[in-house]
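Here is a short briefing on nonpolar packing and backbone angles. Please look at the model first.

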Amino acid sequence: MEDSSKLQNKSALEHFFKIAEHGTSIKKEVIGGITTFATMAYIIFVNPNIMSSTGMDAGALFVATCIGAAIGTLMMGLFANWPVALAPGMGLNAFFAFTVVGEMGYSWQVALAAVFISGVIFVGLSVSSVREWILNSIPDDLRYGMTAGVGLFLGIIGLKTAGIVTSSPATMVTLGDFTNPQVYLAALCFLIICVLSVRQVFGAVLIGIFSVTAIGMVMGLVQYNGLVSTPPSIAPTFLAMDFSGIMNVGMISVILAFLFVNIFDTAGTLMGVAERANLVNKETGKIEGLPKALKADSFSSVVGACFGCPPVTSYVESASGVSAGARTGLSAVVVGLLFLAAMFLAPLAGMIPGYATAGALIYVAFLMMGSIRHVDWDDFTSAVPAAVTALMMPLTFSISNGIALGFITYTVLKAGTGKQDQISVAMYVLTVLFVLKLLLM
């Protein structure tokens, strides 16, 4: 009877996730899910580290990260049947903490409200054809510039957190103090991750973070607090959104920045993973199940904000699970369950030092910066706006400023050189909005 029950459960899984249709097996899906989790689990340590700089409770952030990632990933697996995992977005969390709260001076509660509203708009765009219209209206070169710019933004935050670069009254920035053990440990973490990644070692980012944490423990820089405990309370961040400051004109650009980065980051990730997972219909060229995947992704941002997360988005690390054999939502379900289990590792998360997560942050930054190679450098009117977008994000310490200046530059250059046919209606509208944003702020 027990064997019969196992067979029935197995058959139900195969039928629900259409395992045979996708040319995979339950074993491959489980292995793929574990692989994806191992490559992106760093977020449960990095996100609380970044977000807690706003004054948010670190324990609640840890649980919120796990829950936000779990709900988003389970939704993607069960509703869309895609092998894609989700979690709070890298870059978006830094924008939340260091620009919206740190630079612009909004409270984290107001910033969470902005995330919630951008998520609601995201849902509206996803259930209509507007999201597709926007994606088709924004030039590819600007998209590449945005991704690279977010990478540069992450990079300077990681380098600053590590102490590898520091402020200077003479040159604005300068090299940090490498006699400080935390500085060279952060650099060591980055190098370990890079070497292991090139060698395709399983869980390279986690190994780098844990290795440097262990070294810090030996040096007396990290105190051991245990590994497992009851999850901390989510109460400090749950439904803590403050909508009172949303009517401020400056919040419009913040909401748009959250929205645009989420839209383009998600689009690139989903399309890339779909190609690798053979989800593209060879006859029609359409991506199977894309509308459901887009809806699952957008709803996740709204749910994440309720728990205290920056926008929850699809992770490109899902491609590692696909490479290991994942083809269906079963692998995403495995990842979601692992995120839920990770909630009991709060003591471990509390031990991870900032210099260890900084090394991981710099590594992720370099991965994102790679998109700049796709820019058409032979077309000056396309290359310059992409470069402006990328450079101005770290130099103004703001993703939204980088987007605004890049879009304005694109429209002016194209219009000024007689290439108006390359400017969409959406670009004109967005350019006007961004000009007003710069003039009114």
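A nonpolar core is a set of buried Ala, Val, Leu, Ile, Met, Phe, Trp, Tyr and Cys residues joined through side-chain atoms within 4.5 Å. Buried means under 20% relative accessible area, exposed over 50%, and partly exposed in between (1.4 Å probe, protein chains only). The model is predicted: local features need pLDDT of at least 70, side-chain atom pairs count only at pLDDT 80 or more, and totals for chains, interfaces and linings use all residues. Residues are numbered from 1 along each chain as its sequence is written, and side-chain values use heavy atoms, with hydrogens and water left out.

**Nonpolar cores**
- The largest nonpolar core holds 121 residues. Those with the most contacts inside it are Met76, Trp82, Phe96, Phe258, Phe339, Ile403 and Phe407.
- Helix H11 (residues 250-276) gives this core its largest share, 11 residues. Helices (H or I, at least four residues) and strands (E, at least two) are DSSP runs, numbered from the N terminus.

**Around Met76**
- Contact means heavy atoms within 4.5 Å. Leaving aside neighbours within four places in sequence, Met76 is in contact with residues including Asn81, Trp82, Leu270 and Ser314.

**Positive phi**
- Most residues other than glycine have a negative phi.
- Asn81 has a positive phi of about 55°. Asn81 sits in the loop between helix H4 (58-80) and strand S1 (86-88). Asn81 is buried, at 14% relative accessible area.
- Met172 has a positive phi of about 75°. Met172 belongs to strand S3 (residues 172-175). Met172 is exposed, at 69% relative accessibility.
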